[in-house]
Amino acid sequence: MKTIVCYGDSNTWGLDRHNPNRRLTFDERWPGRMARQLGPDYHVVEQGQPSRTAVMDDPVDVWGADSCKSGRATLTACLRSQAPIDLLILMLGTNDLKNRFSFQPADIALGVATLIQITRLLAVGPRGADPRVLVIVPPVLPASMNSGGFYKAHDHSLRLAETFRQIVSPLGCELLDSMGALDGQVPDDLHLSLAEHAALARAAAERVREMFDVARKDVVAHP
Amino acid sequence: MKTIVCYGDSNTWGYDPRTGRRFDRDTRWPGVLAAELGPDYQVIEEGLSGRTTVWNDPVESLGDGSEKNGKFYLKPCLDTHAPIDLLIIMLGTNDLKTRFSLSAHDIARGAGTLVQIAYRSGAGHDWKKPPVLLIAPTPVHPEAVSLQAWQGSYDKSRRFAEEFGYVAKENKAELLDAGAVISTSTIDRIHLEAPEHAKLGRAVAARVRQIID
């Protein structure tokens with residue numbers, strides 16, 4: 001049994017783009033769909049908090065007004081609670097694009113890199129090892145996006161994939177660009193559609209299988 | 001599908017006093033609860049070793065100790081799992097540590113604060129408050145007091161049922177006295193052995209059916 005923790009924001013939680021008061025069902029949101037595709041040998045733990053950023057708290061945000069939004073501040077408690085963890089999937093960075101943070105794409109990538117470094121201090125993998133880490137680059141925001149504090153965030157979001165490749169990849173984690181999973185089609189809302197959840201789940205499940213199959217081959221090759 | 005969140009410490013995480021490792025899912029009490037309740041219920045495990053009700057613990061932390069503070073993490077945790085049909089809180093054992101110098105009364109008050117945070121969270125359905133089942137932790141083993149970190153813990157923990165009872169009543173939360181169902185291991189004097197997890201899981205399941213049905 002492999003334990004996979006999906007640490008993310010409202011797009012991991014499954015916020016319904018047509019009704020912000022509704023959460024998509026387990027079968028609709030990407031971690032649930034991924035769990036179905038991976039089957040009973042994998043235990044998928046959903047840890048998506050709406051409005052979560054990589055490293056900044058957000059006292060301005062109204063969703064859960066008195067909750068800490070910093071993914072950095074809550075990461076240790078989350079990982080230790082779910083340990084031992086075989087794979088940590090991080091999909092964060094979208095909320096860091098909000099204008100009030102004045103973040104450049106490199107700042108967002110560095111924030112995600114910090115989460116990986118914290119993870120490696122904790123030894124929350126199997127038998128005290130480190131968990132594997134898969135970073136999903138968040139989707140590009142629509143060019144029309146000018147509300148919710150995301151005014152002109154589209155341009156920065158376009159540069160996330162390349163910046164994550166430069167800054168996050170060298171830390172020895174896997175990277176999955178969600179725009180590849182979406183065939184390059186930019187979502188027309190901040191929150192993913194049902195079809196986009198499905199496409200992301202397929203790509204994530206495929207990558208997870210690759211990661212663990214490769215691991216098994218390694219074991220066979222170097223007994 | 002009903003969602004139940006189990007918010008606790010190492011005795012919810014499933015720390016095995018024999019091995020120091022985590023019991024498997026079917027052995028720890030939230031897993032037993034899930035098996036008892038069946039497929040219409042989703043039981044979410046949120047147990048963290050060393051978690052207190054409302055206190056940071058920098059002694060057992062690489063950071064400032066805030067990750068051990070049950071008050072700090074509760075709201076993000078509830079946001080993460082909303083909408084929730086029932087929140088189960090079993091905390092207070094770590095508050096008994098010598099370094100916190102707390103009375104049973106203060107510990108139960110800390111748990112009461114968590115209940116109030118949950119009520120204000122809007123993490124139930126339609127942004128209403130989720131029902132809360134407060135579990136008074138089972139007393140530690142009488143010999144725990146010989147451990148430096150747990151001086152005086154036994155006598156205080158024997159008052160949990162009464163003090164948590166007051167707090168549950170005040171806050172109109174449901175109460176379960178774990179000490180009436182299970183006892184603490186003689187091995188490390190703090191944690192629960194596998195048969196105790198099974199008994200607790202079954203007792204909680206019976207209670208959950210009363211609350212939710």
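B:Ile135 counts as buried because its relative accessibility is 0%, where buried means under 20% relative accessible area, exposed over 50% and partly exposed in between, for a 1.4 Å probe and protein chains only. The model is predicted, so local features need pLDDT of at least 70 and side-chain atom pairs count only at pLDDT 80 or more, whereas totals for chains, interfaces and linings use all residues. Residues are numbered from 1 along each chain as its sequence is written, chains are lettered from A and ligands numbered from 1 in the order in which they are written, and side-chain values use heavy atoms, with hydrogens and water left out.

B:Ile135 belongs to strand β4 of chain B, residues 132-136; strands (E, at least two residues) and helices (H or I, at least four) are DSSP runs numbered from the N terminus. Setting aside residues up to four places away in sequence, B:Ile135 touches, among others, B:Trp29, B:Ile89, B:Phe164 and B:Val204, a contact being heavy atoms within 4.5 Å. By comparison, B:Gln148 is 13 residues from B:Ile135 in sequence, and their C-alpha atoms are 26 Å apart.

Strand β4 is part of an open sheet of five strands in chain B, ordered β2-β1-β3-β4-β5 with parallel pairing, where two strands pair if DSSP finds at least two bridges between them. Because β2 and β5 (174-177) of chain B stand at the edges with a single partner strand each, one side of each has no neighbour in the sheet. From one strand to the next, the twist averages 20°. Within the sheet, β1(B) and β3(B) pair in the parallel sense over five bridges, and B:Gly8 has B:Met90 in β3(B) as its bridge partner. Helix α3 of chain B (residues 70-81) packs on the sheet, touching β1, β2 and β3 of chain B, and its direction makes about 165° with that of β1(B); axes are lines fitted to C-alpha atoms, for helices over the stretch in contact, and angles run from 0 to 180 degrees between N-to-C directions.

B:Trp29, a contact of B:Ile135, is one of the buried residues of helix α2 (residues 29-37) of chain B, which also include B:Val32 and B:Leu37. The buried residues of α2(B) pack against several elements of chain B, including β2 (41-47), β4 and α7 (194-212). After α2(B) comes B:Gly38, with a positive phi near 85°.
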